[in-house]
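Me: I am new to this structure and would like to learn how to read it. Please take me through a few of its features in turn.

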Amino acid sequence: MAKTYKWLIVIILFSLLAVAALQSYLIYGDFINKTETLKKEVNTAFNKATAAEKGMRNEMLTSYFRELLTDTSKIEITAKYSQKDQRNIYSIRDKDAESPYTSISFEKDKSPKDLPDSMKIKIGTALIIESQISDVENRRVYYYTKRIGDRIHRFSDSLTVDTLILENNFRSQLDKRDITAGFSLKISDEKSEEYSPGVINTVQIPVGIRVEKPYVSAILENPFYDVLSKVRLTLIITVLILTLTATCFFVMLKIIFRQKKLSQMRDDFIANVTHELQTPVSTVMAALESLEKFDVLEDREKTIKYLAVSRQEVSRLSQMIDGVLQSSIENNDGLQLKFEARELIGFISEVITTYDVKSREQILIDFQHDCKSVYANIDRLHFRNLLHNLIDNSIKYNDKVEKQLRINCVYIDNKLKLTFSDNGPGIRNQYQDHIFEKFYRIPNKDIHDVKGHGLGLYYAKNIVSLHNGSIRVKPDNGNGTVFEIILPADASEKKK
Ligand code: ADP
């Protein structure tokens with residue numbers, strides 16, 4: 001049986017660990033996938049942010065070019081239809097007479113031959129600006145005239161990357177994707193492969209207007225919180241399910257072990273009781289046989305002695321049966337109590353005086369109380385049994401030559417506090433939680449001979465709680481055992 005338990009525990013523990021390992025593996029896989037997706041998203045966001053920032057600078061350059069081209073005080077644009085090419089040829093030159101001119105025509109230019117010159121120049125200017133846009137995008141500055149070229153050169157060199165705008169663009173791109181991690185920008189003239197653990201480095205993007213340089217990249221710090229927040233729900237549910245399963249498993253184990261211990265104790269109890277029941281039965285049988293067979297009846301003195309022995313044994317038997325009956329009170333609902341209002345100080349004094357004379361001789365009972373009359377609703381029979389049990393124990397387990405028991409009665413705030421302090425060995429703190437359990441006996445070789453079934457205190461606890469009171473043993477201080485009972489009571493008048 002014990003082996004089966006062991007295997008069961010090992011299998012369940014193994015299954016729990018296997019489920020935990022599998023779940024961790026799956027969550028880890030999910031985490032890696034989500035990290036990769038996050039990296040891709042961050043790069044897309046950064047590409048868009050840099051493109052927008054660079055596009056803005058390109059636009060500034062284009063409008064500057066437009067301004068220069070349309071400044072008729074400095075630039076002259078003329079148009080002439082070429083029969084050979086079947087389209088207009090535009091000439092651009094600085095108005096400064098010595099400067100050479102540049103001629104240009106556009107394949108897509110379908111403007112008719114006989115348009116007025118002013119219209120032709122308008123169309124030509126628009127086409128030149130349009131072609132300049134694609135030149136700028138390809139990092140080229142076309143020298144239509146020296147003046148325009150020099151100025152565009154200077155202007156484009158002043159258009160360096162605007163980090164503030166780039167930061168804003170990137171932040172809003174990240175926000176759109178629900179990425180909350182903070183970042184910093186890195187600008188460098190070299191391309192470099194960088195890898196730092198715990199951060200995400202974006203690709204380096206060239207953001208110069210005329211040349212590749214400089215390269216801009218972003219570094220995201222603590223991006224994994226974003227990934228974690230995406231797997232958080234799965235993680236929480238997994239941890240919850242595992243905790244729940246593990247808790248159920250351990251509670252189940254605890255119940256199994258308690259049941260096992262209880263059944264072990266029950267077996268001990270049955271063996272013990274059977275053995276004890278046999279002794280008085282055989283003694284009585286022997287006495288009866290003697291009376292019957294060996295003419296003992298003739299001898300009056302012997303007859304009286306045998307009858308006395310039989311009576312004593314039968315009364316022991318009856319006590320044992322009482323004990324077994326007491327054990328049948330399970331969950332407080334096996335027993336019907338008859339409550340009546342009783343004056344307790346008098347009742348306890350009477351119980352002590354009428355307590356078995358022989359037993360009373362073995363102990364000095366000192367009863368102290370701070371009030372004359374206190375009333376409580378009690379069941380006389382069971383309350384008496386309860387007091388007897390506590391007095392019995394203070395004799396049974398006491399190894400002193402002069403055994404003493406002090407019963408103290410204090411009334412405070414409608415409660416009666418009853419303490420039973422003996423001068424015995426006391427109950428070590430490690431056992432105190434168990435002594436009220438059914439069938440529990442303290443494992444102690446020294447008191448091995450003391451008869452008992454582990455039911456007295458169990459019964460006492462049940463009876464006290466049926467009286468709406470509480471019983472506890474006070475922490476061991478090396479001066480014997482102290483039991484404390486608290487009962488609802490009334491000092492002023494008699495109850496119904
Ligand atoms: P039992 O029938 O064994 O006396 P109880 O329920 O009355 O069962 O007591 C449970 C255990 O508590 C006993 O086995 C004993 O070891 C311990 N115990 C009870 N009362 C005392 C006491 N007054 N002094 C020392 N130990 C005690």
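Me: How far is an oxygen atom of the ligand from an N or O atom in the side chain of N393?

Reply: A polar contact is a pair of N or O atoms within 3.5 Å; within protein, one must be able to donate a hydrogen and the other to accept it, and residues adjacent in sequence count only if both atoms are side-chain atoms. Here the distance to the N393 side chain is 2.9 Å. Ligand oxygen also lies 2.5 Å from an N or O atom in the side chain of Y397, and 2.6 Å from one in the side chain of R441. Taken alone, the ligand exposes 540 Å², and the protein buries 96% of that (Shrake-Rupley method, 1.4 Å probe; for residues, only the protein chains shown count as cover).

Me: What should I know about the origin of these values?

Reply: The model is predicted: local features need pLDDT of at least 70, side-chain atom pairs count only at pLDDT 80 or more, and totals for chains, interfaces and linings use all residues. Residues are numbered from 1 along each chain as its sequence is written, and side-chain values use heavy atoms, with hydrogens and water left out.

Me: Which residues come nearest to the ligand?

Reply: A residue is near a molecule or strand if one of its heavy atoms lies within 4 Å of it. There are 20 residues around the ligand, and N393, Y397, R441, H453 and L457 come nearest. By class, the shell has 9 nonpolar, 8 polar and 3 charged residues (Ala, Val, Leu, Ile, Met, Phe, Trp, Tyr, Cys and Pro count as nonpolar, Asp, Glu, Lys and Arg as charged, and the others, Gly among them, as polar).

Me: Which helix gives the most to that shell?

Reply: Helices (H or I, at least four residues) and strands (E, at least two) are DSSP runs, numbered from the N terminus. α9 gives the most, with 3 residues. Both α9 (380–396) and α11 (456–466) supply at least two residues each.

Me: At what angle do α9 and α11 pack?

Reply: Two packed helices are described by the angle between their axes and the distance between the axes. For α9 and α11 the angle is about 145 degrees, and the axes are 9 Å apart. Axes are lines fitted to C-alpha atoms, for helices over the stretch in contact, and angles run from 0 to 180 degrees between N-to-C directions.

Me: Where does the chain have a cis peptide bond?

Reply: Most residues other than glycine have a negative phi, and most peptide bonds are trans. The bond from K213 to P214 is cis, with omega near -15 degrees. P214 is found in the loop between β6 (205–206) and β7 (215–221). Q86 is not a glycine, yet has a positive phi of about 60 degrees.
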